[in-house]
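Me: Please take a close look at one part of this model and describe its setting with some care. Then carry on from there to the rest of the fold, in one connected account.

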Amino acid sequence: MSGNYRLLVKNAQQVVLICSDGEKFITKHGMQNLCVIENGSVVIGRDGLIKAVGPAETIGAQYSGSSFDNVIDAAGMCVLPGLVDAHTHPVWAGDRVHEFAMKLAGATYMDVHRAGGGIHFTVEHTRAAGSSALLASLRGRLARMQRAGTTLVECKSGYGLELQTEIKMLEVIEEAGRALPINISSTYCGAHAVPKGKTVAEATEDILQVQLPRLKERMSAGTLSVDNIDVFCEEGVFDLRSTRSILQAGKDMGLNINFHGDELHPMNSAQLGAELGASAISHLEEVTDEGIAAMATARTAAVLLPTTAYILRLPQPRARDMLEAGVIVALGSDFNPNAYCCSMPIVMHLACVNMKMSMPEALAAATINAAYALRRSDTHGSLEVNKHGDLLVLNAARWEHLIYQLGGHQELIRYVVIKGNVV
Ligand code: NIG
Ligand code: FE
């Protein structure tokens, strides 16, 4: 095959494909068998899409007459799909290092929240911040995620809790998506907390009557693009009834449902999400057996967040029960001022050690299944022909080093490639 291509990555010791067999996700035994080619190569075209992936010898022969803008000799190294982070809150001002100290001294997440800190603290600082300051910090955080191997990331609003700041956050996310190579899936999370001085009913009314209609106008006019809708469904935050009405209204506008549920109390969020056809539900530390069964049937992904359970010393999400029930398990960093972690390799490590996932399961959860949670698995999440050429080149002879090594990824991840470009 002769022609001009953007990138050839050749002679990799291992290439991890993550075979989905045409499916948009993988479950159960599929998560144990990720299809690994020993001594493989990958070709990415000028359109940024994968043209070929296979044994180095075959690809070498097929593309011998071709020219490439860039060639990476990956001898002794491994190639993996770019990582997908299915849950982050990366737009905010004002850190909460002081609250970390309070929590280490024994305060719970909700103690801090009720005392007016937590999300409320961040809301105050984010409302006061200008767009350019928010954009600058967001760019820094996304660059850090990218450096740790994330090539597609979900980004939520949710530190405004009123129209103006929520829109400001979504605009900043969109702007960052234009400025940086990393792929973004954006989420409106206006129901992240009940604003101070308002009741749940008043907050819900404001979202339904003011925020969502304005969002819809902006989306229809093509001046703002948003992919998902989120609600923090929790005792003392949004109850099941208000959660249902907000998610349904978002769905009616064409947004994918992707929300926080069953984190601190069993709320039957999983059953609600399954009923509404949610793409994903995050957290699920307190999900019930019925909730697990409902999610498996509805093919609603479970986005598990090992950093949060670790930092807040919560019970671990029941990853094994979910995997055995056939739930589509995905992973996210939950990057936010409470859980300051930009690294999906650390998230996978925690998922393996604390949630008892195997390394292949964790990698599938941080690639194809996380892409599925964002409805992007047609184009992202595995190294298959016609998908985006997003990959990592790892300076190790076995791919598992990405999870085994705790931290120090600057050294380990030699190249991050997005749409065939080294970033
Ligand atoms: O997913 N649980 C709600 N939201 C975030 C925390 C946000 C914050 O504390 O600022 C989470 O953990
Ligand atoms: Fe969250």
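Reply: Ala293 counts as partly exposed, because 16 C-beta neighbours fall inside 10 Å; on this scale a residue is buried if 20 or more other C-beta atoms lie within 10 Å of its own, exposed if 12 or fewer, and partly exposed in between, with C-beta atoms placed from the backbone. This is a predicted model, in which local features need pLDDT of at least 70 and side-chain atom pairs count only at pLDDT 80 or more, while totals for chains, interfaces and linings use all residues. Residues are numbered from 1 along each chain as its sequence is written, and chains are lettered from A and ligands numbered from 1 in the order in which they are written.

Ala293 belongs to helix α10, which covers residues 289-298; helices (H or I, at least four residues) and strands (E, at least two) are DSSP runs numbered from the N terminus. Although Ala293 and Ala325 are 32 residues apart along the chain, their C-alpha atoms are separated by 6.8 Å. Gly291 is also placed in helix α10, but Gly291 is buried, with 27 other C-beta atoms within 10 Å. Once neighbours within four places in sequence are left aside, the contacts of Gly291 are with Asp262, Asn268, Ala270 and Gln271, a contact meaning that the C-beta atoms of two residues, placed from the backbone, lie within 7 Å. From Gly291 to Met322 the C-alpha distance is 9.8 Å, across 31 residues of sequence.

Along the principal axes, the C-alpha atoms fill a box of roughly 70 × 45 × 40 Å. Of the 423 residues, 56% count as buried, and among contacts between residues at least 6 apart in sequence, 72% join residues at least 24 apart.

The chain is divided into domain 1 (4-81 + 381-422) and domain 2 (83-373), with bounds that come from an automatic or database domain assignment. The centres of the two domains, taken over C-alpha atoms, are separated by 29 Å. Across the boundary, 26 residues of domain 1 are in contact with 30 residues of domain 2. On the side of domain 1 that touches domain 2, α16 (401-404), α17 (409-412) and β15 (413-418) each supply at least two residues, and β15 gives the most, with three residues. The residues of that side divide into 13 nonpolar, nine polar and four charged, where Ala, Val, Leu, Ile, Met, Phe, Trp, Tyr, Cys and Pro count as nonpolar, Asp, Glu, Lys and Arg as charged, and the others, Gly among them, as polar.

The largest nonpolar core has 137 residues, and those with the most contacts inside it are Ala302, Ala330, Leu331 and Ala351. Helix α13 (residues 344-355) contributes the largest share of this core, eight residues, and both domain 1 and domain 2 give residues to the core, so it lies between them. Such a core is a set of buried Ala, Val, Leu, Ile, Met, Phe, Trp, Tyr and Cys residues joined through C-beta atoms within 7 Å. Beyond its neighbours within four places in sequence, Leu331 has contacts that include Ala86, Val303, Leu304, Val347, Met348 and Ala351.

Two lysines deserve a separate word on backbone geometry. Most residues other than glycine have a negative phi. Lys28, in the loop between β1 (4-16) and β2 (36-44), has a positive phi of about 40°, and with 15 C-beta neighbours inside 10 Å it counts as partly exposed. Lys419, in the loop between β15 and β16 (421-422), has a phi near 50°, and Lys419 is buried, with 21 other C-beta atoms within 10 Å.

As for confidence, the protein chain averages a pLDDT of 97, and 100% of the residues score at least 70; pLDDT is the predictor's confidence in each residue, from 0 to 100.
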